[in-house]
Amino acid sequence: MTRKTAAPGGPATAEGPPAVALRGATASLGGRPVLRGVDLTVAPGETVALLGANGSGKSTTIRAVLGQVPLTGGELELFGTPLARFRDWQRLGYVPQRSTAAAGVPATVREVVAAGRLARRKFRPLGRADKAAVRHALEQVGMDDRAKDPVDALSGGQHQRVLIARALAAEPELLIMDEPLAGVDVGNQEALAATLREQVDQGTSVLLVLHELGPLAPLIDRAVVLRDGQVERVDNPDRLHDLACHPHGSEPAEAAPAPKIETGSLT
Amino acid sequence: MIEMLDFPFMQRALLAALLVGIAAPAVGIYLVQRRQAIMGDGIGHVALTGVALGFLLSTNPVWMAVLVSSLGAIGMELIRWYGKARGDIALAMLFYGGMAGGVMIINLSPNGSNANLTTYLFGSITTVSAEDIVAIVGLSVFVLLVSLGLRRQLFAVCQDEEFARVTGLPVRLLNLLLAVTAAVTVTVAMRVVGLLLVSALMVIPVAAAQQATRGFAATLGLSVGFGVVVTLSGTVTSYYADVPPGASIVVLAIVLFGIITALAAPLARRRYRNGSDGRDGAVPGGGRGGTLVAGGGTAADGPEASHRPTRV
């Protein structure tokens with residue numbers, strides 16, 4: 001596993017082009033600069049966590065990586081291909097924040113997860129292999145027994161697992177997750193961590209926004225801390241233990257001379 | 001009962017009703033899923049201008065309505081993309097403009113009057129001509145090919161648009177296709193149900209079906225079944241009672257909705273007690289639908305507006 005050997009600062013030992021290479025990215029939302037020169041690299045098989053206070057640009061960064069927020073400057077390459085020429089969307093699995101999947105008509109768990117498979121099928125009908133992939137994705141998140149239930153009947157944590165299964169249905173090489181632990185109870189957090197560990201062990205790259213590392217801490221190779229749209233710090237794995245003990249979500253965002261978290265323990 | 005089938009106009013009316021009963025809910029389900037239930041209503045208003053243009057230019061009003069309402073639907077879709085704060089106002093303008101333009105143009109045309117419009121507003125079983133039937137069958141085939149053939153893709157787009165974009169689906173194209181399909185459905189349905197009530201047939205069968213179903217495919221199937229039942233029985237009712245079929249079809253649909261609601265309420269209560277989320281009641285992320293409802297609510301005139309559910 002490359003993630004075991006990855007150097008703290010970069011993917012020196014990884015093979016092939018990085019899954020994500022974002023250089024000097026700037027972006028604005030409604031005229032307000034949100035990203036002000038973000039560099040972010042996710043090597044093959046690497047698990048990178050984006051941390052930072054609310055409004056620091058975490059979600060905008062991953063939405064930029066997905067091509068959903070246009071960059072006003074800088075470069076983005078996915079699997080070595082510039083975004084403008086990137087077409088292999090099935091190599092990406094996106095898990096949005098939970099609230100975005102609400103709709104006006106009931107849908108079963110399996111129907112929602114099958115939508116993820118369209119990344120591979122596009123306009124062709126789903127075949128036997130696709131149905132098997134959907135079933136396997138549901139098994140991976142431990143929701144196969146709820147396949148015929150409406151998603152409305154699920155708890156927040158179960159719903160989150162369904163959204164992860166939807167991303168896994170395309171068998172992606174890179175998982176991009178926005179706050180997968182938000183509003184998820186401890187039991188479901190453990191289930192999510194187990195699913196993610198399985199993916200990481202298979203060599204899937206992961207980029208995820210987190211408020212706190214929680215049970216995912218042992219999986220994280222590198223944590224990138226954003227502040228006001230810029231990378232404030234890149235933490236190496238050795239420091240992650242400390243970071244996990246002092247989750248960023250609990251830090252006050254507005255404190256003017258906010259003490260850099262564990263600055264003393266770096267160097 | 002059987003002797004009405006001897007009349008060619010009744011055969012045509014029943015065939016049209018059958019096709020409308022299938023097509024309207026099959027397209028409406030995506031609008032409901034996206035909380036844009038009122039969109040069909042807006043297209044109906046715009047189609048009125050197309051009908052009137054057909055009279056003015058002495059061409060078939062059905063094809064003219066297809067053209068104008070498709071342009072209107074594409075316009076609404078563009079407003080949804082680009083318009084943020086003023087979107088509801090722009091939609092309301094489209095609604096008013098469609099209605100006013102229709103009434104104005106029909107009175108300018110040599111052989112037209114508001115009386116001509118009435119059959120298009122509320123439907124009429126006696127006016128489905130042989131020429132209309134050809135158009136209705138052809139357009140229905142198009143609508144069903146899109147709404148059933150692309151159901152997985154349209155489901156994905158309407159369920160979670162951003163996720164659909166990240167899967168690499170051509171989301172903008174699919175949205176435009178859905179808008180045009182909805183416009184075509186409106187024109188297919190206008191001969192039977194009428195432009196003012198067509199939205200009801202796109203929404204009420206779906207609203208009724210989803211009270212008894214747990215999944216999208218089941219809702220789609222059941223709502224099409226409901227649609228066929230109410231359009232056929234409504235058309236037959238019109239034959240005997242001599243009322244516009246649009247009115248009888250929509251009244252029957254609402255009765256059906258009431259029955260299903262009464263039967264499904266205990267079931268739904270149990271289902272939601274099991275689920276701890278219950279987010280259906282909160283209507284999260286309903287802002288987009290809300291603007292459309294606002295636009296439609298102000299444009300909808302007449303007492304029938306209160307019959308139409310704006311949200312389901």
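Contact here means heavy atoms within 4.5 Å. By that rule, and leaving aside neighbours within four places in sequence, Trp81(B) is in contact with Arg172(B), Asn175(B) and Leu176(B). The model is predicted.

**Chain A overall**

- The secondary structure of chain A comes to seven helices and ten strands.
- Chain A has 267 residues, and 53% of them count as buried.
- Take the contacts in chain A with a separation of 6 or more: residues 24 or more positions apart account for 70% of them.

- Strand β3(A) covers residues 47-52. Six of its six residues are buried, so the strand is largely enclosed by the rest of the structure.
- In a regular strand the side chains alternate between the two faces of the sheet.
- Both faces of β3(A) are covered. Thr47(A), Ala49(A) and Leu51(A) are buried on one side. Val48(A), Leu50(A) and Gly52(A) are buried on the other.
- Strands of a sheet pair through backbone hydrogen bonds, either parallel or antiparallel.
- β3(A) runs parallel to strand β8(A), residues 205-209, and four bridges join the two. Within this pairing, Thr47(A) stands opposite Val206(A).
- β3(A) also pairs with strand β9(A), residues 222-227. That pairing is parallel too, over five bridges. Here Ala49(A) faces Ala223(A) as its opposite residue.

- The bridge partner of Arg227(A) in β10(A) is Gln230(A).
- β9(A) and β10(A) form a hairpin, with two residues between the strands. Asp228(A), in the turn, has a positive phi of about 50 degrees.

**An open sheet in chain A**

- Four strands of chain A form an open sheet in the order β2-β1-β4-β5, with antiparallel pairing.
- β2(A), residues 32-42, and β5(A), residues 81-82, stand at the edges. Each has a single partner strand, so one side of each is left without a neighbour in the sheet.
- Strand β4(A), residues 73-78, is joined to β5(A) by two bridges, and the two run antiparallel. Glu77(A) has Pro82(A) in β5(A) as its bridge partner.

**Helix α2 of chain A**

- Helix α2(A) spans residues 58-65. Six of its eight residues are buried, so the helix is largely enclosed by the rest of the structure.
- The buried residues are Lys58(A), Thr60(A), Thr61(A), Ile62(A), Ala64(A) and Val65(A).
- Just after α2(A), Gly67(A) takes a positive phi of about 80 degrees.

**Where chain A meets chain B**

- The contact takes 36 residues from chain A and 39 residues from chain B.
- About 3,300 Å² is buried between the two chains, and carbon and sulfur atoms give 56% of that area.
- Val105(A), Phe123(A) and Asp152(A) supply 19% of the area that chain A buries against chain B, more than any other three residues.
- Three salt bridges are found across the interface. One of the charged pairs is Glu162(B) with Arg63(A), whose side chains meet in a salt bridge at 2.5 Å, N to O.
- Two elements of chain A give two or more residues to the side that touches chain B: α3(A), residues 109-121, and α5(A), residues 156-168. α3(A) gives the most, with seven residues.
- The residues on that side of chain A divide into 21 nonpolar, seven polar and eight charged.

**Trp81 of chain B**

- Trp81(B) lies in helix α3(B), residues 61-82.
- Is Trp81(B) buried or exposed? The cut-off for buried is under 20% relative accessible area. Trp81(B) has 16%, so it is buried.

Terms used:
Residues are numbered from 1 along each chain as its sequence is written. Chains are lettered from A and ligands numbered from 1 in the order in which they are written. Side-chain values use heavy atoms; hydrogens and water are left out. Buried area is the accessible area (1.4 Å probe) that two parts lose on being put together, summed over both. A salt bridge is a side-chain nitrogen of Lys or Arg within 4 Å of a carboxyl oxygen of Asp or Glu. Ala, Val, Leu, Ile, Met, Phe, Trp, Tyr, Cys and Pro count as nonpolar, Asp, Glu, Lys and Arg as charged, and the others, Gly among them, as polar. Buried means under 20% relative accessible area, exposed over 50%, partly exposed in between (1.4 Å probe, protein chains only). Two strands pair if DSSP finds at least two bridges between them.
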